[in-house]
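Here is a short tour of one protein chain. Keep the sequence and the model side by side as you read.

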Amino acid sequence: MIDKAQHQQYQSSHSKILSQQGYLVCHKVIDQAVIRQMQNYLAARLDNLRDRFQEWSGGKDVTSVESYRYHSDRIAEYEAMGLPKDLRHFLRGEFDLETRLSAEIRDFLATLSLRELVADVFGETRYFLHYPPMLRFKVPRADQTIVPPHQDSAYSTHIERFITAWVPLTPITEEVGGVTFYQGTQELGNLTHGSSGAWESRAFFDESTYAAYSPQMAPGDVLFFTPTIVHASALNTSNNIIRFSIDMRAFSTNTVSSKSFYDPWSGEVHKTN
């Protein structure tokens, strides 16, 4: 058992690494049985989205990698035809709101080992989570689903201080890809952002002056990063592996949020108007 002094030293080490390099990988955090349950759930929800798109489009197929990429490249065209918001998310490699708000996802966020680690890294005994979290899937070589370089601070102006926790549900290899960091950009402060393709925010900075790094991970690992480090989706260049992941933003219980948040200890969702 880790005593209080050891716990403080462990926590200080986590916080120091995160502060210095802007990101931190923690290995073997979540039990594999929990990971498999979430993998199965999201695979079923993805099938549901495929069916919904096929119904909306009048029978167009998105079951193969090639067909999904074809339709993903036509988001703007489909929006002009009245593409529903959830199906726009689907073509960007994101799960629908119903899935993100589900009890299955809340239960995952409340996993004890995950809760304890996030609290350690954040440096507080408890925290809240911006709600709902993001759930993503990345089909091989689907360029339109790749989130451009950005800072999470640009998406979360309603929270004063937070960290992001990213949990892969697929092995993150060089081919499958994960999160790409631009090392040292956490020192730049809040950058100006603008729209880019299907995405709302892309950071304006000189990419050529910062080394890019994508950590390799296993399902059950957790990746933490700060609000100001610039990062992007790495392209999935595998042949047929779909990358699944969950990312969440943890903030202090002393922070007032103007948007809905979740307490993973009590299981309570705090909704705002």
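At 26% relative accessibility, Arg52 counts as partly exposed, because partly exposed covers values from the 20% limit for buried up to the 50% limit for exposed. The model is a predicted one.

The salt bridge between Asp96 and Arg52 spans 3.4 Å from N to O. Asp96 sits in the loop between α5 and α6 (97-100), while Arg52 belongs to helix α2, so this pair ties together parts 44 residues apart in sequence. How buried is Asp96? Its relative accessible area is 0%, so Asp96 counts as buried.

Asp86 also forms a salt bridge with Arg52, and here the closest N and O atoms are 3.6 Å apart. This pair, too, links distant parts of the chain. Arg52 is in helix α2 (residues 32-56) and Asp86 in helix α5 (residues 85-91), 34 residues apart.

Another salt bridge joins the side chains of Asp247 and Arg136, at 2.9 Å from N to O. It links distant parts of the chain. Asp247 lies in strand β11 (residues 243-251) and Arg136 in strand β3 (residues 134-138), 111 residues apart. Both Asp247 and Arg136 are buried.

## Around Gly178

Now move to Gly178. It is found in the loop between β4 (162-168) and β5 (179-182). Is Gly178 buried or exposed? Its relative accessibility is 5%, so Gly178 counts as buried, because the limit for buried is under 20%.

What does Gly178 touch, leaving out residues up to four places away in sequence? The contacts are Trp166, Ile172, Ala232, Ser233, Ala234 and Arg243. Met38 gives another reference point: Gly178 and Met38 are 140 residues apart in sequence. In space, their C-alpha atoms are 18 Å apart.

Strand β6 (residues 193-196) pairs with strand β7 (residues 199-203). The pairing is antiparallel and runs over three bridges. Within it, Gly194 stands opposite Arg202 in β7.

How many residues lie between the strands of this hairpin? There are two. At Gly197, the hairpin has a positive phi near 60 degrees.

## The whole chain

Along the principal axes, the C-alpha atoms fill a box of roughly 60 × 45 × 40 Å.

Of the 273 residues, 52% count as buried. The chain exposes about 12,900 Å², and carbon and sulfur atoms supply 47% of that area. Sequence distance gives one more view. Among contacts between residues at least 6 apart in sequence, 82% join residues at least 24 apart.

Terms used
Residues are numbered from 1 along each chain as its sequence is written. This is a predicted model: local features need pLDDT of at least 70, side-chain atom pairs count only at pLDDT 80 or more; totals for chains, interfaces and linings use all residues. Side-chain values use heavy atoms; hydrogens and water are left out. A salt bridge is a side-chain nitrogen of Lys or Arg within 4 Å of a carboxyl oxygen of Asp or Glu. Helices (H or I, at least four residues) and strands (E, at least two) are DSSP runs, numbered from the N terminus. Buried means under 20% relative accessible area, exposed over 50%, partly exposed in between (1.4 Å probe, protein chains only). Contact means heavy atoms within 4.5 Å. Two strands pair if DSSP finds at least two bridges between them. Accessible areas come from the Shrake-Rupley method with a 1.4 Å probe; for residues, only the protein chains shown count as cover.
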